[in-house]
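The tour below moves from one selection to the next and says what is found at each stop.

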Amino acid sequence: MDFQGKVIQFLGETSGISKAGNAWKKKEWVFETISQYPRKVKVHIFGDRADTINLELGKNYTVHFDIESREFNGRWYTDISVFRAEEVGDQASSAQFQQPGSTGYQQPQMPYGNTNFGNTGAFGDSQSFQGAPDDSDEDLPF
């Protein structure tokens with residue numbers, strides 16, 4: 001799975017020794033997803049990847065992750081473990097991921113804006129739907 005987001009906080013690094021005597025390391029980060037309704041997502045990078053995946057605050061990334069839930073003492077915990085992160089370039093982030101109200105954002109046009117379903121077709125006179133036949137006797141566009 002993956003998502004695109006901006007690094008907004010570094011929560012620190014934890015390390016230790018497992019019961020088997022192996023050293024381990026974990027880094028935790030908080031992302032804000034890049035979407036119309038942004039969400040905050042806490043992820044971790046575990047093991048050798050903690051040294052090889054370098055994230056920077058304020059930069060946008062495409063984050064590839066695995067998600068797993070586990071039970072401990074009757075409670076369930078969900079971990080989002082990052083296995084790869086790719087920085088999203090400035091042009092891609094400004095063109096593809098602009099939020100409403102920012103410069104350059106265009107609200108998607110919905111073909112169902114007009115509810116006039118008379119004999120003029122499914123979308124009335126004021127709107128047309130590309131790909132729908134012009135001389136159709138049906139009121140449905142599919």
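**Stops along the sheet and its rings**

Select T14 to begin: T14 stands opposite K26 in β2, where strands are DSSP runs of E with at least two residues, helices are DSSP runs of H or I with at least four residues, and both are numbered from the N terminus. This is a predicted model, in which local features need pLDDT of at least 70 and side-chain atom pairs count only at pLDDT 80 or more, while totals for chains, interfaces and linings use all residues. Residues are numbered from 1 along each chain as its sequence is written, and side-chain values use heavy atoms, with hydrogens and water left out.

Now widen the selection to β1 and β2, which pair in the antiparallel sense over 11 bridges; two strands are said to pair if DSSP finds at least two bridges between them. The hairpin of β1 and β2 has 5 residues between the strands, and G21 there takes a positive phi near 90 degrees.

**Aromatic pairs**

Select F10 and W29: their ring centres are 4.4 Å apart and their planes are at 45 degrees, so the pair is tilted. F10 lies in strand β1 (residues 2-17) and W29 in strand β2 (residues 23-33), so this pair ties together parts that are 19 residues apart in sequence. F10 counts as partly exposed at 37% relative accessibility, whereas W29 counts as buried at 7%; buried means under 20% relative accessible area, exposed over 50%, and partly exposed in between (1.4 Å probe, protein chains only).

Move on to W24 and F46, an aromatic pair that is stacked, with 6.0 Å centre to centre and 15 degrees between the planes. This pair links distant parts of the chain, with W24 in strand β2 and F46 in strand β3 (residues 40-46), 22 residues apart. W24 is partly exposed at 28% relative accessibility, and F46 is partly exposed at 44%. Then select F3, F31, Y61 and F65, which ring pairs link into a cluster.

Centre the view on L55, which touches V7, W29, F31, I45, Y61 and A85 when residues up to four places away in sequence are not counted, a contact meaning heavy atoms within 4.5 Å.

Next select H44 in strand β3, which is buried with a relative accessible area of 11%. Leaving aside neighbours within four places in sequence, H44 is in contact with K26, K27, E28, D79, I80, S81 and V82.

K59 is the following stop, in the loop between α1 (49-52) and β4 (60-72), and K59 is partly exposed, with a relative accessible area of 27%. Beyond neighbours within four places in sequence, K59 is in contact with G5, K6, V7 and E87.

**Confidence**

Finally, colour by pLDDT, the predictor's confidence in each residue, from 0 to 100. The mean pLDDT of the protein chain is 78, and 63% of its residues reach 70 or more. Confidence is lowest in helix α2 (residues 90-96), at a mean of 43, and highest in β3, at 97. Over residues 91-108 the pLDDT is below 50, and this stretch has 17 contacts in the model beyond near neighbours in sequence.

Conventions. Rings of Phe, Tyr and Trp (its six-membered ring) pair if their centres lie within 6.5 Å; planes under 30 degrees apart count as stacked, over 60 as edge-to-face and the rest as tilted.
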